[in-house]
Amino acid sequence: MVKILMDWLKSEKYQLNHVLAARSRLGEGPVWDSTKGLLYWVDIYNHRVNQFDPTTGQNLFFDVGDVVGSIAIAGQDRLIMAQRHGLAFLHLQTGEITPIIPIEADMTENRFNDGKCDRQGRFWFGSMCPGKNQGSLYRYDPDGSLHLMETGLTIANGLGWSPDENIFYLTDSAQQKIYAYNFEAATGRISDRHILVDLAGESFYPDGLTVDSEGNIWSAMWDGWCVIRFNSQGEETLRIPLPVQRPTSCTFGGQDLQTLYITTASVGLNEEEIQKSFYSGDLFALQTDITGLPTDNFRL
């Protein structure tokens, strides 16, 4: 697989770099901090929030004591986290964790998964329960109000918005679908869900995603050894092969927002699969000629 990847790179304009031998179990949720030039990302099952500095290659982590599905920047030296059954703040100077609100605490089979902020500073995050359609999508507003936005999901994942904020994207990994909704930026309302990308019948599953400034959707493919770019009509326009079986998510970062950071997982792989996918759990960076959208933060 590595040889195939290298041959592909010689014929393409993009360059893939292996930037961190993290060996995470379930790396996920990358978030670029343009102010500090840092990448935050989570290792869900190792209960870690990571802070990666691309200029030094140094990676620091905070043990947050429980599953952490997603994060967003929430002011100076603070992140908001979707943990197993609720939201909390993490202070990046002290490591102190401040619970915000418990959610789905009575649904022991569920846990929270992917999340992201919209341009109005509202935090969107979803829950999952593999094998059961009892996951939901929530929106937590800066005024402290919590809103149930969608139900009947299996593995809520891969959130994003079109550059003009008219469309909201949501992935249900187990259903192998990326949905699109009409989005009202002022109110945060979503409506008229329809299937944008349907991968039913494929051997892989859409995971985390990001949207670039041209409106393309970049989706990491769990068990697919690749990231696929779709246009706003849901048509595949580029497939980027990776030397790992389970890419999990991606986001644009770097000074010009043209570096696609890609998180990966090693969880669930047997010894033979690990040998074929030696860099599983590590962090990658793809140099592109496309600019991503700036990171949206939780507004206090």
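Residues are numbered from 1 along each chain as its sequence is written, and side-chain values use heavy atoms, with hydrogens and water left out. In this predicted model, local features need pLDDT of at least 70 and side-chain atom pairs count only at pLDDT 80 or more, while totals for chains, interfaces and linings use all residues.

**Exercise 1. Describe the largest pocket and its lining.**

Step 1. A pocket is an open set of points on a 1 Å grid over the protein atoms alone, where a 1.4 Å probe fits, with protein on both sides within 12 Å along at least five of seven lines; lining residues have an atom within 4 Å of a point. A volume is the space filled by probe spheres set on the points, which are joined across faces, edges and corners.

Step 2. The largest pocket holds about 470 Å³ of space. Its lining comprises 29 residues, and those nearest the centre are Lys 116, Cys 117, Pro 294, Thr 295 and Asp 296.

Step 3. Strands are DSSP runs (E, at least two residues) numbered from the N terminus. Among those that each supply at least two lining residues are strand 2 (27-33), strand 10 (111-117) and strand 18 (205-211).

Step 4. By residue class, the lining divides into 15 nonpolar, eight polar and six charged residues. Here Ala, Val, Leu, Ile, Met, Phe, Trp, Tyr, Cys and Pro count as nonpolar, Asp, Glu, Lys and Arg as charged, and the others, Gly among them, as polar.

**Exercise 2. Describe the second largest pocket in the same terms.**

Step 1. The second largest pocket contains about 250 Å³ of space. Of its 16 lining residues, Met 128, Ile 155, Asn 157, Asp 207 and Trp 222 lie nearest the centre.

Step 2. Strand 10 and strand 18 each give this lining at least two residues. The lining has nine nonpolar, four polar and three charged residues.

**Exercise 3. Locate the largest nonpolar core.**

Step 1. A nonpolar core is a set of buried Ala, Val, Leu, Ile, Met, Phe, Trp, Tyr and Cys residues joined through side-chain atoms within 4.5 Å.

Step 2. The largest one has 21 residues, and Tyr 40, Val 49, Ile 71, Leu 79, Met 81 and Leu 90 have the most contacts inside it. Strand 3 (38-43), strand 6, strand 7 (78-83) and strand 8 (86-91) give two or more residues each.

Step 3. A separate core of 16 residues includes Leu 16, Leu 238, Val 244 and Cys 250.

**Exercise 4. Determine whether Ile 100 and Asp 77 are buried or partly exposed.**

Step 1. Ile 100 belongs to strand 9 (residues 97-102). With a relative accessible area of 24%, Ile 100 is partly exposed.

Step 2. Asp 77 sits in the loop between strand 6 and strand 7. Its relative accessibility is 14%, and Asp 77 therefore counts as buried.

Technical notes. Helix = DSSP H or I, 4+ residues; strand = E, 2+ residues; numbered from the N terminus. Buried < 20%, exposed > 50% of the residue type's maximum accessible area, 1.4 Å probe, protein only.
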